[in-house]
Amino acid sequence: MPRDFIPGHLEPETPANTVSYFVREAIRRIWITKRTSFVSVAMIAISLFILGGFMLLSENLEAAVTRWQGRSRVNVFLDTDATPDQIRAVDAYLGSHPDLRARRFITREQAMARFKSYFANLSGVVDQLDENPFPPSFQIEVTPAIAQSRAFKEEMKSLRAMTAIEQVQFDWEWLTRLRRIIDVVNAVGLTAGGILALAAAFTIANVIRLTMLTYREEIEIMRLVGATERIIRGPFLIEGILQGTLGGILAVGLLFGAFELARHVLAPSSTMLWGFLFVSFLPLQKIAAIVVGGTVAGWFGSWLSVRERAAEDA
Amino acid sequence: MIHFYHVTKKFDRYSTALHDVTFHIEKGEFIFLTGPSGAGKSTLLKLILRQMRPSEGQIVVNGRNLNAMRRSQLPYFRREIGMVFQDFKLIERMTVFENLSFILTVLNVPPKEHKRRAYQTLRAVNLHHKLNSYPLQLSGGEQQRVAIARALINDPLVLIADEPTGNLDPELAQEIVQIFAEANLRGSTVLLATHDRDLVQGTGRRSIVLEHGQLTEERPATPARPPREGAVFGMR
């Protein structure tokens, strides 16, 4: 029997009922407009792939910095033509200071061999040189605490003043430079990825706007039979969210593929240079962040178009 | 149940669809709205569903003044009304079942009940064997009946139909009227718009006549047809 109207009585839609309808409808619409949906998903995937690439680079650089930070090292480069007596004098000086005692002498030949092993593809260039360009050096291991002390800085000053010493170089100096590079990589990655993700969100907004225009007549029918705006617009929002999430998952897949490919193709050819850039893939939290980023971009895009249409229809 | 007070609908300065129309339909009535094509019947029905607002006058449906109704209340108001549109307004990409199931989703009926209720309603219009057909696979008469089933599926308080027998042969037209009569027996107030005067005359039900946007005649239900118990027939 028909129900009597109860003034002010509004029937709320239960989420379990309508959400399953939203998802079914969204999947169906994505399937119907699969070509345009693919464009949205691809746009999101490319944006997040680029963002993820920067994240991967920064992640591995950070890991390398952390690895190297534990062992502070001082390299004391001698003149290329330093005599054995001069080398012995430097060695004696280092031996007399407790902070500098953990030292290792690297001959010119050893330095060259090390370079060749680190930069295998440049070894041919070095072989063509008339003489060995690498100076002999002392490699001194110090703890980070000592390296930061005032006394150590004083010792370094007097070391630099010794004859036959060309240069005194600290690991932490270039680690600081590397940190700056990481900051730049992060900033560039975030900016480029953010701009691209925004562009992808607008692509999704346009695709959903087109879908809404296609369904205009249907939306009108829905309104006439008593569908609320929530029921009408819900599938479009879910459509954007699904497209964004798919884009995020695709980006992670592509990134992992590219990472594995780079590790197998690039890394063995030159051990040092690429080796430390392709050590580990992104941690689970960052993978989740990429996928969630896609979801948010998709939601934002669909929300934009749905909100715009709502304003037009009002 | 439906009350029009001096309702005028103008589209522009030179085009008046309805002029100073006043009538009342009580709860449980079955009433015909007749008149030639272009008389303003469809406009009147659109005003009842609040597809458009009157230029002047007041409309009260089921105790609600449509002029004062907020946009957010509109969906809930429309759920109380079963409307059969002249052009059916079926969603072409959905099957017959899905067209009906969508209404049930809107009405918050659990999905497991959709099939049973859709089947029952389609059985009432003798189309239960077309559950999985798409509207474009059906004849005009069959699409008409799907549109009626969609309007009936919620046992609406008010059932409105715009030319539901248009383009149907007389036998099928009578069948359709019978479906509305059964809905009326179940308690729905029925307003059926038609230009077919022959269809109205045989039934003995109350009718109102529109011509050039004006209410020209009201014919009460004939005494030959006794009013059923509990329902209010006749003029107010």
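## Charged pairs, interface and cores

Glu113(B) is partly exposed, with a relative accessible area of 28%, and its salt-bridge partner is Arg116(B), with 3.4 Å between the closest N and O atoms. Arg116(B) is likewise partly exposed, at a relative accessible area of 44%. The model is a predicted one, and every value quoted here is to be read with that in mind.

Over all chains, the structure holds 18 salt bridges, and 3 salt bridges are counted between chain A and chain B.

| Salt bridge | N to O distance |
|---|---|
| Arg93(B) and Glu25(A) | 2.7 Å |
| Arg29(A) and Glu25(A) | 3.3 Å |
| Lys286(A) and Glu59(A) | 2.7 Å |
| Glu113(B) and Arg116(B) | 3.4 Å |

Lys286(A) is partly exposed, its relative accessible area being 29%.

A contrasting setting is found for Arg29(A) and Glu25(A), which both lie in helix H1 of chain A, 4 residues apart, or about one turn of the helix. Arg29(A) counts as buried, at 1% relative accessibility, and Glu25(A) also counts as buried, because its relative accessibility of 4% falls under the 20% limit. Glu25(A) has a salt bridge with Arg29(A), and it also meets Arg93(B) of the other chain in a salt bridge of 2.7 Å. Through shared partners, salt bridges join Glu25(A), Arg28(A), Arg29(A), Glu218(A), Arg93(B) and Glu98(B) into one network.

### The interface

Contact between the chains involves 30 residues of chain A and 35 residues of chain B. The area buried between chain A and chain B is about 3000 Å², with carbon and sulfur atoms giving 56% of it.

Which helices of chain A each supply at least two residues of the side that touches chain B? They are helix H1 (15–32), helix H9 (216–224) and helix H10 (229–265), and the largest share, 6 residues, comes from H1(A). By residue class, the side of chain A that touches chain B divides into 15 nonpolar, 4 polar and 11 charged residues.

In soluble globular proteins, nonpolar side chains tend to be buried together. Here the largest nonpolar core has 76 residues, and those with the most contacts inside it are Ile290(A), Phe30(B), Phe102(B), Leu122(B), Ile148(B) and Phe180(B). H10(A) gives the largest share of this core, with 8 residues. Apart from it lies another core, of 34 residues, including Leu224(A), Phe4(B), Phe23(B) and Leu33(B).

Leaving aside residues up to four places away in sequence, Phe102(B) touches Tyr21(A), Met222(A), Val225(A), Ala227(A), Ile231(A) and Met94(B).

### Chain B around helix H3

Chain B has 7 helices and 10 strands, and 57% of its 236 residues count as buried. Among the contacts in chain B with a separation of 6 or more, 66% are accounted for by residues 24 or more positions apart.

Helix H3 (residues 96–106) of chain B is mostly covered, with 10 of its 11 residues buried; among them are Phe97(B), Asn99(B), Ser101(B), Phe102(B) and Leu104(B). Just after H3(B), Asn108(B) takes a positive phi of about 70°.

His114(B), in helix H4 (residues 114–124) of chain B, has a relative accessible area of 4% and is therefore buried. The side chains of His114(B) and Ser101(B) are joined by a polar contact of 2.8 Å. With residues up to four places away in sequence not counted, His114(B) touches Phe97(B), Ser101(B), Leu104(B), Thr105(B) and Val109(B).

Definitions and conventions: Residues numbered from 1 in each chain as written. Chains lettered and ligands numbered in written order. Predicted model: local features only at pLDDT ≥ 70, side-chain atom pairs only at ≥ 80, totals over all residues. Heavy atoms only, no water. Contact = heavy atoms within 4.5 Å. Buried area = accessible area lost by both parts, 1.4 Å probe. Salt bridge = Lys/Arg side-chain N within 4 Å of Asp/Glu carboxyl O. Nonpolar A, V, L, I, M, F, W, Y, C, P; charged D, E, K, R; others polar. Buried < 20%, exposed > 50% of the residue type's maximum accessible area, 1.4 Å probe, protein only. Polar contact = N/O pair within 3.5 Å; in protein donor to acceptor, adjacent residues only side chain to side chain. Core = buried A, V, L, I, M, F, W, Y, C linked by side-chain atoms within 4.5 Å.
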